[in-house]
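Trainee: May we go through this structure together? I should like to begin with the overall fold and then turn to the details.

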Amino acid sequence: MADEPVVTIRPATNADTDGIVETVREVFEEYGFAWDEDDYCADLYDVEKHYVGAGHRFWVAVVDGLVVGTVGLEFFEKVGGDPGGVFIQEGKVRVAGADCSLERLYVRPTARGQGLGRALTELVINEAHDRNREAMEIWSDKKLEDAHRLYGKFGATVVGERICDDPDESPEWGMLLLL
């Protein structure tokens with residue numbers, strides 16, 4: 001019997017840029033999403049600046065030296081409005097009452113079915129708890145039904161929808177996860 005691959009989940013650095021970009025790009029290609037290196041995907045080319053340097057977190061899941069999963073966690077002041085709905089803040093539709101958000105959860109198609117999405121989501125939720133956050137905002141393209149089921153297993157509920165500011169103007173579900 002072959003040994004199971006060893007998965008390491010650790011904080012990302014800019015040394016992981018190629019693997020991060022390749023992982024997310026694979027999922028974008030799978031779903032037919034446009035790649036926008038200069039704007040919508042720019043954060044992936046410098047996670048130290050866009051996440052860590054801004055007080056947020058970003059992790060990678062690695063198997064045999066290959067990045068196979070990513071996830072980020074952003075912290076911010078509580079969004080206005082009552083939890084359970086959406087709120088327009090600075091011209092953008094947001095999940096009301098949220099004070100953090102799950103970002104960039106992607107797992108390469110070849111690495112799915114091993115619990116990586118679940119492990120990365122648990123990591124983000126635990127970190128948010130450790131930071132005394134109360135409500136997590138999750139925006140997810142409506143095509144990503146497996147992700148929606150995963151978030152639902154953790155108690156996230158759909159509270160609204162919006163059109164994303166990505167090049168495809170993708171419709172997204174907004175989900176609230178009370179922490």
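This is a predicted model: local features need pLDDT of at least 70, side-chain atom pairs count only at pLDDT 80 or more; totals for chains, interfaces and linings use all residues.

Trainee: In what order do the seven strands of the open sheet run?

Mentor: The order is S1-S2-S3-S6-S7-S9-S8, and the pairing is mixed. The edges are formed by S1 (7-11) and S8 (157-163), each of which pairs on one side only. From one strand to the next, the twist averages 25°.

Trainee: In which sense do S3 and S6 pair?

Mentor: Strand S3 (residues 66-75) and S6 pair in the antiparallel sense, over six bridges.

Trainee: And which residue in S6 is the bridge partner of phenylalanine 75?

Mentor: The partner is cysteine 100.

Trainee: Which strands does helix H1 touch?

Mentor: H1 (residues 17-31) packs on the sheet and touches strand S2 (57-63), S3 and S6. The direction of H1 makes about 90° with that of S3.

Trainee: What angle does H3 make with S3?

Mentor: The direction of H3 makes about 25° with that of S3. H3 also packs on the sheet, where it touches S1, S2, S3, S6, S7 and S9.

Trainee: How far apart are the end C-alpha atoms of H3, and what span should one expect?

Mentor: They are 21 Å apart. H3 has 15 residues (116-130), so at 1.5 Å a residue it should span 21 Å, and the two values agree.

Trainee: Which residues of H3 are buried?

Mentor: They are Leu116, Gly117, Leu120, Thr121, Val124, Ile125, Glu127 and Ala128. Just after H3, asparagine 132 adopts a positive phi of about 60°.

Trainee: Let us move to H4. Which of its residues are buried?

Mentor: In H4 (residues 145-153), the buried residues are Ala147, His148, Leu150 and Tyr151. Viewed down the axis of H4, they fall within an arc of 160°, so they line one face of the helix. In general, an α-helix has 3.6 residues a turn, so residues three or four places apart point the same way.

Trainee: What do the buried residues of H4 pack against, and what is on the face turned away?

Mentor: The buried residues pack against strand S6 (100-107), H3, strand S7 (135-141) and strand S9 (171-178). The face turned away from the buried side carries the exposed residues Asp146 and Lys153. Just after H4, glycine 155 has a positive phi of about 100°.

Trainee: Now the cysteines: how many disulfides are there?

Mentor: The count is zero, with a disulfide taken as a pair of cysteine sulfur atoms within 2.5 Å. For cysteine 41, the nearest cysteine sulfur is that of cysteine 164, at 9.8 Å. For cysteine 100, the nearest cysteine sulfur is again that of cysteine 164, 19 Å away.

Trainee: Is cysteine 41 buried or exposed, and what of cysteine 100?

Mentor: Cysteine 41 is buried, because its relative accessible area of 0% lies under the 20% limit. Cysteine 100 counts as buried as well, at 0% relative accessibility.

Trainee: One last residue. Where is glutamate 48 found?

Mentor: Glutamate 48 is in helix H2 (residues 47-50). With a relative accessible area of 38%, glutamate 48 is partly exposed.

Trainee: What is glutamate 48 in contact with, leaving aside its neighbours within four places in sequence?

Mentor: The contacts of glutamate 48 are Thr13, Asn14 and Gly53. Glutamate 48 and asparagine 14 are 34 residues apart along the chain, while their C-alpha atoms are separated by 6.1 Å.

Methods:
Residues are numbered from 1 along each chain as its sequence is written. Side-chain values use heavy atoms; hydrogens and water are left out. Helices (H or I, at least four residues) and strands (E, at least two) are DSSP runs, numbered from the N terminus. The expected span of a helix is 1.5 Å times one less than its number of residues. Buried means under 20% relative accessible area, exposed over 50%, partly exposed in between (1.4 Å probe, protein chains only). The arc is that of the directions from the helix axis to the C-beta atoms. Contact means heavy atoms within 4.5 Å. Two strands pair if DSSP finds at least two bridges between them. Axes are lines fitted to C-alpha atoms, for helices over the stretch in contact, and angles run from 0 to 180 degrees between N-to-C directions.
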